[in-house]
Amino acid sequence: MRSFFAKFKLFGIVLFCLSVVIIFLFYNALSPRKTLPIYQPSGVNPELVDASIQHVKKYHTIADFSLTNQNGKIVTQDDYADIIYIADFFFTTCPTICPIMTKNMAKIQNEITDANIKLLSHSVTPIIDSVAQLKKYALEKGVDDTKWNLVTGDKKQIYELARKSYLAVKTDGDGGPFDMIHTENFILIDKEKRIRGFYDGTDPKEVERLLADLEILKNSYIQ
């Protein structure tokens, strides 16, 4: 009799555990998956959007580009195909926000374990930031070439990317000799080249928010 009750008790425990697992699985299946917004020019602060695209309500993506990284390699959208990435704009001689941004970008780099996530930093003083200068800076800051490209190139192209693609800075300026971009924004880009988030790259809490959003975005591609 005692053996019967022991088996009955064990059966009850197993049944209870199975019930908990089934409820948990149903809850997860029915719970809506967290998603990030898709930013369009019409939904962003008009000061950050070029007048020519302020009307765009959907289908905004990052334009094609061709720039040169710290190793002298040409970097294009093909290098970021099917990749989630974080973009920013900096210059190697910046004494104010850029060192903080680079430190925080390095932190993000060290958190990345997925080969389908990368970083892309655009120099806003490309005349000063030659390939050699970018390489020196990359070595000083611990840049991992497999995860993070620092790019230089045509100033007008970089400034147009900042203003018309990444919506990262105020629109005044033409990319000419006296035009200067200075922004703390980190921009999260999905595999479809769409903007999914803006973050203050000088604020540790914002960096933590970016890392959390990065996980949400990464998980959105898991079936």
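These legends describe close-up views of one predicted model. Local features are limited to residues with pLDDT of at least 70 and side-chain atom pairs to pLDDT 80 or more, while totals for chains, interfaces and linings use all residues. Residues are numbered from 1 along each chain as its sequence is written, and side-chain values use heavy atoms, with hydrogens and water left out.

**Figure 1. The protein chain as a whole.** The chain has 5 helices and 7 strands; both are DSSP runs numbered from the N terminus, helices being H or I with at least four residues and strands E with at least two. Along the sequence these elements follow the pattern α-β-β-β-α-β-α-β-α-β-β-α. Of the 223 residues, 43% count as buried. Buried stands for under 20% relative accessible area, exposed for over 50%, and partly exposed for values in between (1.4 Å probe, protein chains only). The chain exposes about 12600 Å², of which carbon and sulfur atoms supply 61%; accessible areas come from the Shrake-Rupley method with a 1.4 Å probe, and for residues only the protein chains shown count as cover. Among contacts (heavy atoms within 4.5 Å) with a separation of 6 or more, 68% are between residues 24 or more positions apart.

Figure 2. Helix α2 covers residues 97-111. Its 15 residues, at 1.5 Å a residue, should span 21 Å, and the end C-alpha atoms are 21 Å apart, which agrees. The expected span is 1.5 Å times one less than the number of residues. The buried residues of α2 are Cys-98, Met-101, Thr-102, Asn-104, Met-105, Ala-106, Ile-108 and Gln-109. These buried residues pack against strands β3 (84-90), β4 (117-123), β5 (148-152) and β6 (185-189), and against helices α3 (131-141) and α5 (204-219).

**Figure 3. Two cysteines, Cys-94 and Cys-98.** Cys-98 is buried, because its relative accessible area is 1%. Cys-94 is also buried, with a relative accessible area of 6%. The structure holds 0 disulfides, a disulfide being a pair of cysteine sulfur atoms within 2.5 Å.

**Figure 4. Asn-69 in strand β1.** Asn-69 lies in β1 (residues 66-69) and is buried, with a relative accessible area of 4%. The side chain of Asn-69 makes a polar contact with the side chain of Asn-149 at 2.9 Å. A polar contact is a pair of N or O atoms within 3.5 Å; within protein, one must be able to donate a hydrogen and the other to accept it, and residues adjacent in sequence count only if both atoms are side-chain atoms. Leaving aside residues up to four places away in sequence, Asn-69 touches Val-75, Val-131, Asn-149, Leu-150 and Val-151.

**Figure 5. Salt bridges.** The whole structure contains 11 salt bridges, each with a side-chain nitrogen of Lys or Arg within 4 Å of a carboxyl oxygen of Asp or Glu. Asp-79 pairs with Lys-73 in one of them, the closest N and O atoms being 2.8 Å apart. Asp-79 counts as partly exposed at 25% relative accessibility, as does Lys-73 at 40%. A salt bridge also joins the side chains of Asp-145 and Lys-135 (3.2 Å, N to O). Asp-145 lies in the loop between α3 and β5 and Lys-135 in helix α3, so this pair ties together parts that are 10 residues apart in sequence. Asp-145 is partly exposed at 33%, and Lys-135 is partly exposed at 25%.

Figure 6. The side chains of Lys-218 and Glu-215 meet in a salt bridge (3.3 Å, N to O). Both residues lie in α5, 3 residues apart, about one turn of the helix. An α-helix has 3.6 residues a turn, so residues three or four places apart point the same way. Lys-218 is partly exposed, with a relative accessible area of 22%, and Glu-215 is partly exposed with 38%.

**Figure 7. Loop residues.** Asp-78 lies in the loop between β2 (74-76) and β3 and is exposed, at 69% relative accessibility. Asp-78 and Asp-64 are 14 residues apart in sequence, and their C-alpha atoms are 8.9 Å apart in space. Asp-82 is found in the loop between β2 and β3; Asp-82 has a positive phi of about 60 degrees although it is not a glycine. Lys-193, in the loop between β6 and β7 (195-200), is a residue other than glycine with a positive phi, near 70 degrees. Lys-193 counts as partly exposed at 27% relative accessibility.
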